[in-house]
Amino acid sequence: MSQLHAARRQLADLSCPFWVGHFSRLSHWKGQHVLLNALALCPPQIGAIFVGDALFGEEAYAQSLREQVVKLGLCDRIRFLGFQPQVIPLMRLCNLLAHTATAPEPFGRVIVEGMLCGRPVVAAAAGGALEIIQHERTGWLTPPEDAERLAEVLTRSYRDPAFTAIMARQGQLVAQERFDLAVVNAQIDRVLSTVVQPTTVSSPLLAVR
């Protein structure tokens, strides 16, 4: 069974035609609750999958998210998939990826992974995300913890798939130019070649008479 087919089976009971993916451990500062509040403001056709689980004693937050889903009436639109050994196939099944950190992240690897997968990304406008995404050109940026603005982006992405597809492609091209592993390694090699000169080292054994 292919990874993509296996991923589809995990989401077979999620009837929403538009899926938002959130890939992170379940932690308050990762902002899963912000996405849930945003989804409550979106059309019912928009659902979400959460890939990741609690770590470092954050089980109470994970439980609060499940209670929030019930309180907001989102039970048929949300799936918690826990930790997954292969996340890329799941990313590729999503219509959009959301990064909702409530505090600045120094980089934001999930943002780049999503862009490299050709998925449109909406991210909290703080920290490294500001250097990765150009708003409404290679993705969206919304104020941290602003569920209303996030809901606006999710709804626009759902209702304007043509624009979303163009932006996703632009984001993918930029990510390939800046963050693809082969490209980055080649850039490092070029820099090293300008500062490290080959030297001839005499073997100490050859110096022995």
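**Exercise 1.** State which residues of helix α8 are buried.

*Solution.* The structure is a predicted model, in which local features need pLDDT of at least 70, side-chain atom pairs count only at pLDDT 80 or more, and totals for chains, interfaces and linings use all residues. Residues are numbered from 1 along each chain as its sequence is written, and side-chain values use heavy atoms, with hydrogens and water left out.

Step 1. A residue is buried when its relative accessible area is under 20% (1.4 Å probe, protein chains only).

Step 2. Helices are DSSP runs of H or I with at least four residues, strands are runs of E with at least two, and both are numbered from the N terminus.

Step 3. In α8 the buried residues are T164, M167, A168, G171, Q172, V174, A175 and F179.

Step 4. An α-helix has 3.6 residues a turn, so residues three or four places apart point the same way.

**Exercise 2.** Determine what span helix α8 should have, and compare it with the distance between its end C-alpha atoms.

*Solution.* Step 1. The expected span is 1.5 Å times one less than the number of residues.

Step 2. Helix α8 (residues 161–179) has 19 residues and should therefore span 27 Å.

Step 3. The end C-alpha atoms of α8 are 25 Å apart, which agrees.

**Exercise 3.** Describe the chain as a whole.

*Solution.* Step 1. The chain contains 9 helices and 6 strands.

Step 2. Of its 209 residues, 45% are buried.

Step 3. Among contacts (heavy atoms within 4.5 Å) with a separation of 6 or more, 71% join residues 24 or more positions apart.

Note on methods: Buried means under 20% relative accessible area, exposed over 50%, partly exposed in between (1.4 Å probe, protein chains only).
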